[in-house]
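Biologist: Can we go through a few residues of this model together? I would like to start with the loops.

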Amino acid sequence: MSHPLRPLLPNSPNPPRVDSLSQNQHRAKRVATPAACEACRKRKSKCTAERPRCSVCVERQTPCEYTTLPTETHLRAQKRKLTDLEIKCQAYEDLVGMLRSRPDEETAQVLQRVRIGEDVPAIVKAVQDGDLLLQLSLKPDLRSRYEFPYVREMPAHLNQWQNPYLQSTLYKRTGMQSPPSPAYLESLKDVVDESEKMYLVPYHTVELVDARISSMSVSSWTTVSSDNPMLRVLLQIYFIFEYPFHPCFHKDLFLEDMLVGARRFCSPLLVNAILGAAWHGYSRMKNRAEYWLPDNLGYRFLAEARRLFELEEAKPTITTVQAAAIINLICNNNGLDEISWCYTYKSLEMAQSLSLFSPSPDESKEWQIAAGMTAWCLFNWQVLAAFHTFQPPIIKEPPTRPLPDLNDVSAYFGEIWVKYPLGQEPIRIYNGLLFRAICEFRVIMNEITILSFDHPRNFHRMSLSDAIRFRSRLLAWYENLPEPLQAQHAAIPSHLKLHIHYHILLISLFEPFLQMGYIHAEANPNTIVSRSKACFETLMRIYYIRHGYESLDTSLIQFLHLLGFSALRDISSAERGSTMHEAIRSTLMLCAKGLWDQGQNYYVSEAIFHLFKQSMSAEDALLFKEITEIEDSDGRLDHMTQEIRSRWPIGIFSMADDHDDRTLEQFIRWWEQQQDKAQNGSAVELEDSNVSSPRIPQLYGALK
């Protein structure tokens, strides 16, 4: 049965206009609220979001509370709270890091403030501000020059030879300055050319200028410490003091990846190795040289680096190679060259597996730079280590990766910019020019070492004509040094060390010919050795009066024992009380002080200091104590027998004679014998301690 449809009315010819409808015929449009109150959220009712109370809560007479800011959504509020918690958590992490890394007197003060209820972020900020104030307070502590510990003047005999360093700008500006005056600091403000300050101010007062370090979270790369301010300081220490002369990677590629969290040219392994090396220069920690202490952060950084290295060793990357080289340097400077050589061989093997020494056609420009610099760094270090330990180099040929032209070295190798106290603009230290010069020099050194040693400590005297040929090449290198590195202009430690190595190589090259009566029209071995020894000592003295010996410089340990034991041999033949005798005594005092100062950074230097002091006459040892006021106790000497494993030769330039007994290991054995005799109650038989033998000092006697 069908139902009839409802009839429809016809459409009106004049339908009403929409805008003519009354207001009450429109539904009011609801205004969206950023966030509802907590009561409306629980009831799931629409909130009008008035503050302090919404209309719904007023009508229902219920409490009205908001967990958001007026213009904030709940999602934004959650993000804000998360950020606040992260900041608070970071403050607690920084606090724990400070308690782990700071000196005992500082940690006691921090704990006292925690116990009385001070806010943790406020405590952390106070400590960090205190660090900044301390750094600022240290900057004005400048010296117009350091004074020699005994005779204040430069020895006159150093001017007997053609000595360009006595005419250098650095010596003229430093050696002839008047004592510091209150106007000295103010005078630095008037220096127009900022680069002139390198002749006027010690290098250790500079500040590294690199915005990447000041803004990065270093703690995200290490589990050892969360104290970011301290970690940034350690990075600065490394790039100011260690990196310029012993680089193991490309600084800019490393810092760029570190800043953004990339892991191609940066890794936790490499960062921990760098921090472990830099820790030895962190002068605020008095026990930084005691690397065997588990509470020492240097110990922890190195242990973490070695742990990560073991994990990566099977599948190495370029950062694994670079970190192994740095670990090798740390172990070597700690007197553990038995361990350090293992890392040397491993780093070179991994570098070969990664084809770092030879370029391939499909390499990117970035990889060419990173691989090229790493290859040359490894080559340079193994040459230096082989030369000073009298053994053949591991790598016979230099990398086939070409060095850039002089005009491109700064862009290729990267530059280091530093700012001196009261400086307006940063200045560069010519890092690229220095690295290229070192590479060219080490190529010649490598060839000399290959010709001199076919097995460890098995010396083969080359012909005098070969030595003269090498000298001609060295002289050409020396005369063609870029202007900032030339003898006239060299000022900062890394530049001076380049010249020191040049003269050490000449001494070792011609010393084997001194007693053989060789006469050659082109070169007299006696003249060459005497002149280079005078230049060597001059450079060491100029280094001291400008920069001092306290700041971290691992090369100084090698230089000081060479100069010191050379002076010990010379003083035995000098007339007592003569001008020459007093000049040599002055050198002894300077070297002993330098070894002690560097011993605060690396324990091996303190061990060599005791060896050197025992080699001095009783009169000279007493003089050293009087003029330096250094009270060297024997408290840490027991650690030598336990911690040091080193066959590093001490005090000899060459293997012209059999010097197998002039090693640090031999001194340790002698020390153990003396300890055993003392414990057994037997008298220690010593020879005349007033005379130092050219071989192991007579004070030690013969080992049975």
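Biologist: Where does lysine 44 lie?
Modeller: Lysine 44 is in the loop between H1 and H2. Helices here are DSSP runs of H or I with at least four residues, numbered from the N terminus. This is a predicted model, where local features need pLDDT of at least 70, side-chain atom pairs count only at pLDDT 80 or more, and totals for chains, interfaces and linings use all residues. Residues are numbered from 1 along each chain as its sequence is written, and side-chain values use heavy atoms, with hydrogens and water left out.

Biologist: Is lysine 44 buried or exposed?
Modeller: Lysine 44 is exposed, because its relative accessible area is 78%. Buried means under 20% relative accessible area, exposed over 50%, and partly exposed in between, with a 1.4 Å probe and protein chains only.

Biologist: What is phi of lysine 44 near?
Modeller: Phi of lysine 44 is near 60 degrees, a positive value in a residue other than glycine. Most residues other than glycine have a negative phi.

Biologist: What about glutamine 61, where is its place?
Modeller: Glutamine 61 sits in the loop between H2 and helix H3, which covers 74–101. Its phi is near 55 degrees, again positive in a residue other than glycine. Glutamine 61 is exposed because its relative accessible area is 70%.

Biologist: Changing topic: which bond joins arginine 51 and proline 52?
Modeller: A cis peptide bond, with omega about 15 degrees. Most peptide bonds are trans. Proline 52 is in the loop between helix H1 (38–43) and helix H2 (55–60).

Biologist: Now glutamine 391. Buried or exposed?
Modeller: Glutamine 391 is buried, because its relative accessible area is 15%. Its loop runs between helix H15 (365–388) and helix H16 (409–413).

Biologist: What does glutamine 391 touch?
Modeller: Leaving out residues up to four places away in sequence, glutamine 391 touches Trp341, Ala386, Thr449, Phe453, Pro456 and Arg457. Contact means heavy atoms within 4.5 Å.

Biologist: And which side chain is joined to that of glutamine 391 by a polar contact?
Modeller: That of threonine 389, at 2.9 Å. A polar contact is a pair of N or O atoms within 3.5 Å; within protein, one must be able to donate a hydrogen and the other to accept it, and residues adjacent in sequence count only if both atoms are side-chain atoms.

Biologist: Last one: which helix is valine 114 found in?
Modeller: Helix H4, residues 104–115. Valine 114 counts as partly exposed because its relative accessibility is 33%.

Definitions and conventions: Helices (H or I, at least four residues) and strands (E, at least two) are DSSP runs, numbered from the N terminus.
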